[in-house]
Amino acid sequence: MDEFELEDNLEFILQSIQELIEDQGDDNPFGEVNQNELLANLVNYDQDNLMPDVSAEDVANGKDVQGIPWEKMLFPRDQYREMKMRSYKNYQNLSYAREDALEHCKHVEKDSPYYDFQYNTRRARPSIVHFQLRNLVWATSKHDVYTVHNQSLTHWSSLDQISIELINGDDCIIPKQRGHGSQSVSMVQFTTMAVDEDLLVLGGFQGELICKRLEDDGIVFSTRVTEDENAITNSLEIYEDPNGSRRLVAANNDCSVRIFDTEYFDLLNHYVFPWSVNSVSVNPDGTLFAVLGDHEDGLVFDPKCGKAIGKLTGHLDYSFSSAWHPDGNILATGSQDTTCRLWDIRNLSQSLAVLGGRLGSIRCIKFSSDGRFLATAEPIDFVHIYDSFADYGKSHEINFFGEIAGLSFSPDTEALYIGVADQTYGGLMEFSRRHQHHYLNCLW
């Protein structure tokens with residue numbers, strides 16, 4: 001992982017627009033437009049005033065899901081989309097042609113929506129610390145969501161329409177637990193998170209690990225897992241091992257994967273890899289890890305024996321996300337080569353399928369708990385939901401404008417939350433699952 005922060009998206013967009021405006025080719029989407037007027041239009045917003053929330057009723061009445069006033073813009077939504085598609089430059093660590101990555105992509109049919117827009121709140125607008133880490137949204141029910149805004153960890157209740165700060169990273173965080181490596185931390189920039197039942201865990205830019213039990217006040221445990229200068233906590237996951245014990249696994253930029261117990265947070269195991277570890281995910285029975293990092297190949301790792309038992313070969317760039325299907329047989333991996341690959345864990349000789357993105361890297365991947373849907377998020381603008389019942393050959397594409405901070409299905413699969421980290425039109429978007437009640441047809 002590269003250790004620098006997210007570049008300013010507005011500056012990048014303006015630079016890209018300037019390049020397109022100066023392009024006098026026939027396919028210039030702006031045509032002959034006054035440059036100063038166009039650029040002024042793009043930046044003419046009041047950053048001090050919070051945009052109002054947007055409801056499904058608002059959208060039914062013609063409002064944009066992000067509240068973008070397209071009628072006041074110099075060009076309509078489809079032209080702006082065309083500009084973004086042309087100007088966006090995907091970040092690569094390795095050299096390759098994108099066409100090579102997309103060469104074997106599966107043909108995917110656009111399907112009717114699986115999830116319908118419900119609500120977009122600005123009061124839980126997430127933000128991003130590191131441009132390659134996009135796992136900062138976590139739903140524990142269809143009404144309860146945890147997300148990060150700047151140095152603040154907040155809980156959003158869609159029922160009460162209230163956002164409450166639970167942890168402020170700027171404060172000196174003093175853990176209740178002493179010993180077992182616990183220590184105070186402060187000025188923490190949150191980079192990743194995970195929530196399971198009553199336990200919430202956060203990772204930080206300097207290798208911090210912060211653990212909170214949701215039913216208690218305060219922080220139960222905090223520490224820096226490493227003193228290495230290259231220490232970013234990239235990935236966290238809470239799981240149950242084959243013995244039924246609850247564990248926490250952390251992946252860090254110091255080439256390490258660490259396993260902690262979740263009672264006293266003792267360090268149980270420490271595994272070192274040849275490259276920085278960007279993502280670790282655990283299969284449903286807790287016996288295998290998917291380990292991805294600063295290498296085009298990933299590993300399937302057995303934590304019991306401490307050895308890799310398989311290699312994931314096919315991606316052309318570094319990978320930052322993975323998820324296991326609830327049946328434990330299918331693993332999905334997301335790469336900066338703009339693809340998500342599906343692997344049958346019973347035969348890793350080649351990937352089962354390749355799913356291509358529209359613009360950029362696949363930064364976040366989640367399966368719904370029933371295994372029906374696979375959701376993948378690009379760095380900006382696009383979330384794809386694939387139907388596993390259609391062999392991933394059908395998808396629902398959700399498109400908007402802004403950096404994606406993360407996505408999360410609710411445990412009952414009834415809600416999908418997407419965090420958009422745009423300074424003006426960002427927010428936490430809620431979608432509700434669409435149900436096809438075919439039995440009603442027999443009444444007519």
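Visitor: Before turning to this predicted model, which criterion decides that two strands pair?

Guide: Two strands are taken to pair if DSSP finds at least two bridges between them. In this predicted model, strand β15 (residues 246-252) and strand β16 (residues 256-261) run antiparallel and are joined by 6 bridges. The criterion that decides it is therefore at least two bridges found by DSSP.

Visitor: In the open sheet that holds β14, β15, β16 and β17, which strands stand at the edges?

Guide: The order in this open sheet of 4 strands is β14-β15-β16-β17, with antiparallel pairing. Each edge strand has a single partner strand, so one side of each is left without a neighbour in the sheet. From one strand to the next the twist averages 15°. The strands at the edges are β14 (233-240) and β17 (267-272).

Visitor: Which residue in β16 is the bridge partner of Asn252?

Guide: Strand β15 covers residues 246-252, and its antiparallel neighbour β16 covers residues 256-261. The bridge partner of Asn252 in β16 is Ser256.

Visitor: In the open sheet with the order β18-β19-β20-β21, what is the average twist from one strand to the next?

Guide: This open sheet has 4 strands with antiparallel pairing. At its edges stand β18 (277-282) and β21 (307-312), and since each has a single partner strand, one side of each is left without a neighbour in the sheet. From one strand to the next, the twist averages 25°.

Visitor: How many residues apart in sequence are the parts that Asp116 and Arg434 tie together?

Guide: Asp116 and Arg434 form a salt bridge in which the closest N and O atoms are 2.6 Å apart. Asp116 lies in strand β3 (residues 115-121) and Arg434 in the segment after β31 (427-433), so the pair ties together parts whose separation in sequence is 318 residues.

Visitor: Does the salt bridge of Glu403 with Arg134 involve a buried or an exposed Arg134?

Guide: The closest N and O atoms of Glu403 and Arg134 are 2.8 Å apart, and the pair links strand β29 (residues 394-409) with the loop between β3 and β4 (137-139). Buried means under 20% relative accessible area. Because the relative accessibility of Arg134 is 4%, Arg134 counts as buried.

Visitor: Which residues are joined with Arg246 into one network?

Guide: Arg246, in strand β15, is linked to Asp196 in strand β10 (residues 190-196), 50 residues apart. The closest N and O atoms of this salt bridge are 3.2 Å apart. Through salt bridges that share partners, Arg246 is joined into one network with Asp196, Glu197 and Asp198.

Conventions: Residues numbered from 1 in each chain as written. Predicted model: local features only at pLDDT ≥ 70, side-chain atom pairs only at ≥ 80, totals over all residues. Heavy atoms only, no water. Helix = DSSP H or I, 4+ residues; strand = E, 2+ residues; numbered from the N terminus. Axes fitted to C-alpha atoms, helices over the stretch in contact; angles between N-to-C directions. Salt bridge = Lys/Arg side-chain N within 4 Å of Asp/Glu carboxyl O. Buried < 20%, exposed > 50% of the residue type's maximum accessible area, 1.4 Å probe, protein only.
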